[in-house]
Structures are given as C-alpha cells and as structure tokens.
Amino acid sequence: MAAPMETSSDSYVTVLMVAEKPSIAKTLAAALGHGNSRERHGVAPRSPVHEFWGKFRGEQAFFKVTATSGHIYSFDFGEEYNDWAKHGPEELFSANIVRTFEGSTRLPEHLQAEARNCQCLVLWLDCDREGENICFEVMTNVIPHMDKSRTWKEAYRERIFRAKFSSLRPADLRDAMEKLGLPNENEALSVDARAEIDLRLGIAFSRFQTQFFKRHFGAQLGSMVKTVSYGPCQMPTLWFCVHRHCQIEHFQPKQYWKLCAQLKRQGDSFTAEAATGKFWDEQQALAALATVRGSSECKVSSMARRTVTKSRPLPLNTVAMLQKASERIGVSPGDAMHCAEQLYLKGILSYPRTETCKYPPGFDFDEILRLFEGTAAPWASAAERILRHQPRTAPRTDGADVGDHPPITPVRLATERECGDSGSWALYRLVCEHFLCTLAPDFLLDATEVHFDIKGTDFVAKSSRRKNFDFSWYDIANEKIQEDGDFDLSWIPNGSTCTVQELDLSDHFTKPPEHLSESDLLALMEKHGVGTDASMATHVSNVQKRGYVKLDDATRRLTPAPLGLALIHAYTLIDPALVRPTVRSAIENECGRIAKGLANKKQVVSKAIKVFEQKFGKFSKRVEKLPAMLAVAFSKERDGKSFSGQKEYTEQEWREYAKRKMQENPDMNFTEEHWLEWLKDKAAKEKAAQEGGKPPSHSVSQWDMAAKATASISLEELLKDQSNVELQEEGGGGNSSSSSVPGLRAGARVRIHGLKGAAELNGLEGVCERLDPGNGRWHTRIESKGETKALKAENLELLTTSGGKFKSGMCVVVHSLKGAAHLNGQEGICEHWDPAKGRWNVRLPLGEVKALKPENLEEEVTDEDKAKKAIVSVQKELELLGFGSGFSSAAPRPRDNNNNNTNNNNNSNWGGGDDGKWSDWRSKRQWGDQDYYRNKQEERRDRSSSWSQQPQQQQQQQ
C-alpha cells in the first residue's frame, strides 16, 4: 500500500481516527480497511498507527488509526501544594489545579504529530461520559495541528466527528462509520465536575486525618492504622454495610405464635394454618386454640386456583450483570467488570457499561441465536428450541432505555480458550444464557388455595405445581423450582370434608436480617445513586481491599471489619452527612444535570466545594472522635471480649450454644428460642454483677450511641427524603432554586399563607414531607385536614417550633433541664423530629432515646480550648483501653506553619517524606489549560480520593 505524500492533496482527504485502546484501533482498522491496513510505529511507544485507503463521505481518503490508553491526563494540585508543611489541607478547597500526564507515554506528542496534514478527526472513544471526556482531551492536542484547508458544515468545529458503537463486530463498526455524530461537551464537563469535587474532598480530608493522627496519636495507634482515607463514594458504600450490621447487632427478636392443623383426606396428610396468620399476642393465640380444640373434622369452605407467572428476566445491564456474577458464579464485581471489559475488547461481548435494560427496536435476535445453532456450546440446544418455538416469545418491554448503549449480549461464539480464563468463560456463559432467558417463555405455576372451616375458624392451605413442563426460561437458567405444599391440593373438591389429626400452637421469634451480599450492596448503591454503573464495582472492591469489610467467599456476604465500623461510627458522631448516601447522591444528580445541559459546571463545583469546605471546618474541630472509635475497635478486635471482660458471642455462636443446651437438657422441654433468650438474659445479669454498676467508658458509650443511631435509620425514609438533600450549606435551607425560605426541609413545621385560589388553607399549620423537584413545590401534610397539598415555598412560613436549627444526625449537648438535670451536659445525636410533640428524639450515650425540646439543646461546638481537652481525654481513654501514651496535648489544627517537622519523619507510617513532595513529580508535565483533565487509569477507576497524597516511596513502605 502506497503511503500518501507529506503534503496534503486536493485529490484525497486525510482522516485521523483515535480509539481508546490500541487493540480497538487494530480491530477498527481491520474492519474499515477490509484487511488491507498496514501498521507502523508512531511517537508513542505503545500506540501504533494503522493506515489504509478508503472512502470518506463519498470521496477518496487516507485513514490513520491510533489510540490512547484511557485518559491522557491526570488531575492534580500544583507542585507547591505537595509540601505539607507549607500548605494545610484546608487550602486544597481553593488550590490551583493542573493537568499532568505520564511522560513515558508521549501521547500528547504522538497525537500532535499524527494530526499534521489531517483535515478531519473521527473519535472512536468508548461511548460513555468518560469516553466523551477523553474525546476532548484528544481534541486539545489534535485541533491546533490539523490542516484547516477542508471543512464539513455538519461537523463539530467543522472537522470533528464522533462514532457511536456498542460492539467491535466489523458490521457494527462499519455501520457506526456511516452514522457519525458529534462529541458531547456537556457529558465531558460532567466528568470534569465530579473529578474536581472528588479530588479536593478526598485529598483534603485524607491529608488532614493523616496529619492529625501522626501528630497526636502516632505513638498509640500508628502501628495499627497506616492510612485513614476518605472517599466521597467509598464512605457511603461502607455505610450501607455498617448500617445492616448495626441493625443485626441491635435487633430485638419479637415473639409470635402460629396455629396449625394437620389434616388428612383419602390417605394424604397436609398442613393448614389459621388464616389470620401470626398471632402477636399469646392470649389471643391461646383463645384461638381453645376455640378449635376437640375438632375431628373440618369442611372445605372455598377453593381457588390461579396461574402464577414467573416472568422471564429483563435484558442485562451493567449492575444486573455484576449482581448475577456474584450470585451465580461467585465472581466479585471488580473481577466481573474486568472480565467483561476483556471480552468486549476481544469482540466477544457487547459494550459492558450500560444502564439500559430494554432491547432497541429492530434488534436482530435471530442473528445471535444462529451463532449457537448446531454448535457444541452448552446452551446450543436452548438456542435451537427458541428458534423453533412457535409462537416466538417476545422480550419484555418494561425495562428502562436511558439512551446510552443496548443491553449486554454476546457478539460471537467463543470457546473457553478464546475467553482467556475460567472466570471470563463463566461470565460469557452467564451472559449467553441470560440472553436466551430473555427470549424464552415465562415459567408458570398452578397455584391452589383451599380454605377450611374448623368450628367457625378459618384455616388455609396452599400448594403450587409446575404448569408448563415443556420449556421455560427456568430450564435455561437452572433456577430451582420451588413448589409449595406437601402435595397438590387442586384435586380437593369444594364442600368436601377432611379429618383433623392434630392441632398445634407453636411459638417463634422474628429473625434479624442477614449481612449484605455483594449483590445487595450493588442494588442499594444503584437505588440511592452512589457511584455510576462504571464505578460501582470499584467502590465495592475498595472497601474490601482497604480492610473495611470482610467477604465470606461461600455466601458472598460482607461483614464490616473493626476499622470499617470505627470509621463510620466516628463520622456519624462528627457529621453523618459525610458518610450517608444522600449527599453523594446529590452530587451525582448535579453531575447528571451538567451532562444533560441543565446545570452549569462551574456553579455546581463551586457550590459543592463550598458545602464541603464548611463540613471540613466542622470535621477538623471534632476529629478526635476518630482515634477514640479506632481505639474501641482495636480493643474489641484484640481481646475478642466485651468491655466488661466477657467473651462477645456472635448471633450464630449464641444459637449454637442454645442448640447444645437444648440437646444436653431434653427433659426441660425448652425450644431453641427459649434457651437463646434465657442464656442471653443470664449473661446480661452476670455482666451487670461483674461491673458492679460501673458505667462503660466515654468512648465505649459513644460507640454504642453511634451504632444505635445508625441502626435506627430507615433506608426507605432516607430514599424518600433524598430529593430534599440538595447540596445545602451548613445551617442553610433547601434548594435555592425552589425554596426561598431558609431552613425549609423535610419534617419542617410550617404555616400556610398568601394563597388566593385556596384561601381557606391560609393560617393552617402542617409539616413538609418532600420537595417535588419537577415543579419546585413542597408536599405539605395539613394536620387539621389530614390531607397533603403541593405548595410553593413562598406560601409557607417556617415555624420556630420546627426543630430550630437542628437536623437529623446532628451532634448536640443537652442543657437547662430541671426535671432530669442529670442529663445536662450529655452529648447526643438528633434522630428525628416529632412535629406532634414539638420535640427532638435524641439518642444519649447509654443508648436511651429522650424527647427533648429544641431550647434544651445546643449544637456541639468545639473551640480550641475544648479541642485541647478533648485530645487529652481521648489519649487517656486509649490508655484505659490498653494503648500507650500519646504525643502531645496541643489543640488540633488544620494547618501548622510553625512546625516544619510535622511531616518530616521518613520512618513514619503516616507519610510525608523528607519534603512532603511527590517523588515522581518531575516525571510528570504540567498542562496549563484546566478545562479538560482527569485521568482514570485502570478502566474507569473512580478516583474518589482514597489516596492521601503521600510520596510513592512512603506508600511502598506502607
């Protein structure tokens, strides 16, 4: 193939095409060049250039195809801010930010060189927001060096086109080339916004924590905690795990009773239960038993049959794929995402990052089905049955189409060797089988419900049996068929009689929920808006890698480690908004609005930074709670005992103990639940006797208080209030665009005024329930009428009795109580506002909840003198818990310019280095333009801040 001349020619156009990875560039050149491309080296050592001749928009063209390796630039603070002694972490909220790149890649030089003599640029970056951001990084280097002699009116800046594709199949790539679009600057800016927010927050909080620990508690805890990082997505992810754990730990079993009858008809026995269900009152249960006792026969009063449909699944999006990988094949979300990306790069799967779970119109199902027809693939027979099945089952249409990429499907037939490893093969098989399930018939059950009359008391028995034995999606997915009932009740005729063999009243106890599985956690993150489909897997992996949670490989369930519990409890005591999912969701929503062109990037970033700068000031005054909680956690882990000296049993250990006692004492006729209750009660009495009434230490009390406060939170209520948790400043009100009343929020008590069309409502009082972001109105419950109205903010007057300045989760101090003066001076956490009583429910250190008026509360404020005393107090607490003496009692400060030795301990586990600078800074190059930055290497890794910006050398030592 002849190469073009060095100068441009009017006889052809030179087109530069840039992909996101070299392997994609190679595939692209092979597909569009029909196998006639040649490869040569460029300036970048790992990004070759593929060249071929062809047609571009109807004229002769010479194509050059090359690639980046993900993002070109990283986003960092200026070099001077890496000197920790000169610049405190509070300065990072306004510090200058620059773009840097790894000099060894030489990608900017490479793109600039290849752009010369090119008249047109076609961008083939991944079709998501990150890919859109990389498009503009590429344009920054390419546009200034292009040949401006040719223009296309339909192009971006008259010479830039954007390819949209979802698979690397040659036909799909050629189709994308025929339907070129334009790059989306708004989506690129949304990535910039999230990047800047995450960088500033993560580094500021992490650096401050590192400095604080080293200075005040290094001698006591330094060998146990090598880094305590903060991540805006990482912490809410961990919070979900801790929330479930606290609910389990503080679960109070509730006793209930079930009344059952053992019935028999024509030799077949089955069980019927009282139609009232569970009895929560023992006397009611005994009365019901007395009513039916002595019965020998019963009559069938009614019988109903119906078909229960187990619908075929929705098409596969990213979160569903990660969930199924964990549940069905035991592959973690991080590993599953990596496998999916590799299969995509090999052209085996379609693009694996998508929120859409609905096939597009005109999707060619038969083309994929025929890939497997007549092959040795384990799912080939299922594909053939679907092809032959008449009438053909259409896929579900109730899924969401968010306009990004089609659902994840197989692109071609592949063997295990082609997939590369067992994990990738298992994931490929899962995707193939799921695709077939979406096209297979629903699974049907024939369900029967029979009611029996026993002395006027209604009993019910149920059964279900498979209905369609020929073929359903259950057969492809190998789902376990759960049929109810001892046998099929459908043959029992209405009005017939049965023999009553036995009546039994049994007692039971409610059981706590299980710890979150990886799949459960992903579902909560998606529901609450924490992370994106591209980053969720990384957050789940990070909380495990950093030792915050432990994974049970058998059940795929996540249990918080002591370090994870300590972090969440500490943040809960300092500012719960830093770890709960609501604030992160608000940031993601704002970034989503930028992507849609509905919000200004600069304003969103400025508002978020201002909010968190205020939170940082609050955090820096209360940070001593963090080492206190860590000390409690490490003490528990070290001793494996409660703070009274007794061994702490898990719920499972308690139950095993109860079973053993039940087996050892069969004559006592105790159930397992009876033994469990008796043993726990006995242990509690022994603990109280051993302690002699001595209260637990202050740190232990605060640990319990934070744990109970977390356990008390309802996720549904949190989700309901989420629309109201905009990026609010400390002490501020709701969304400024929809609320002109400072302090207006969910739960606020208001008086209605100024209405004209419904003047009869003026003067009535009510409670704000939620803000409708669509119309900017507050759904307000009017107490006297018992109804809810949607009202504008200007028609609501905030009443001073609505909880005052306090918010749910705020740390407060009790004062000026007369009837319960012993509570004065105690710290607590506001849980929720009771508008009926006009009081806050406040959880106090020993776990009790008190309803207190706002005038008896004040926000916990730590000035410098109090901070100094707090540090001394915590250091003494650490000694009581078995840790050595600390460094100093000086007050905590976000910055100390007078102590140049603060970070100069080369042997410290807390980082800093000899000058507090990055050791490899000189290998990076600064880039002055700040509009496009952000380097997410390792395939969309969300840089939500886990690193504390320590020198590489010190990180390696750690």
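These are legends for several close-up views of a predicted model.

**View 1. The whole chain, before zooming in.** Residue numbers start from 1 along each chain as its sequence is written, and side-chain values rest on heavy atoms, with hydrogens and water left out. As this is a predicted model, local features need pLDDT of at least 70 and side-chain atom pairs count only at pLDDT 80 or more, while totals for chains, interfaces and linings use all residues. The chain holds 27 helices and 27 strands (DSSP runs numbered from the N terminus: H or I with at least four residues for helices, E with at least two for strands). Of its 958 residues, 54% are buried (under 20% relative accessible area; exposed is over 50%, partly exposed in between, with a 1.4 Å probe and protein chains only). Take the contacts with a separation of 6 or more: 74% of them are between residues 24 or more positions apart (contact means heavy atoms within 4.5 Å). The accessible surface is about 41,600 Å², and carbon and sulfur atoms own 46% of that (Shrake-Rupley method, 1.4 Å probe; for residues, only the protein chains shown count as cover).

**View 2. Tyr256 and Trp280, a tilted ring pair.** The chain has 36 aromatic pairs (Phe, Tyr and Trp rings, the six-membered one for Trp, with centres within 6.5 Å; planes under 30 degrees apart are stacked, over 60 edge-to-face, the rest tilted). In this one the ring centres are 5.3 Å apart and the planes meet at 55°, so it counts as tilted. Tyr256 comes from strand E9 (residues 255-265) and Trp280 from the loop between strand E10 (268-274) and helix H7 (282-292), so the pair ties together parts 24 residues apart in sequence. Tyr256 is buried at 11% relative accessible area, whereas Trp280 is partly exposed at 41%.

View 3. Ring pairs link Phe93, Phe205, Phe208, Phe212, Tyr230, Tyr571, Phe616 and Phe619. Helix H17 spans residues 562-574 and reaches 18 Å from first C-alpha to last, close to the 18 Å expected at 1.5 Å a residue (1.5 Å times one less than the number of residues). H17 is mostly covered, with 13 of its 13 residues buried.

**View 4. Helix H13 and its cap.** H13 runs over residues 422-437, and its 16 residues reach 22 Å from first C-alpha to last, close to the expected 22 Å. Here 13 of the 16 residues are buried, so the helix is largely enclosed by the rest of the structure. Asp421 caps the N-terminal end, with a side-chain oxygen 3.1 Å from the backbone nitrogen of Gly423.

**View 5. Ser74 meets Thr100.** Ser74 lies in strand E5 (residues 74-77) and is buried, at 11% relative accessibility. Its side chain makes a polar contact with that of Thr100 at 2.4 Å (N or O atoms within 3.5 Å; within protein, one must be able to donate a hydrogen and the other to accept it, and sequence-adjacent residues count only if both atoms are side-chain atoms).

**View 6. Glu373, in a loop between two helices.** Glu373 sits between helix H10 (365-372) and helix H11 (380-388), partly exposed at 43% relative accessible area. Leaving aside residues up to four places away in sequence, Glu373 touches Glu384 and Leu387. Glu373 and Glu384 are 11 residues apart along the chain, with their C-alpha atoms separated by 5.8 Å.
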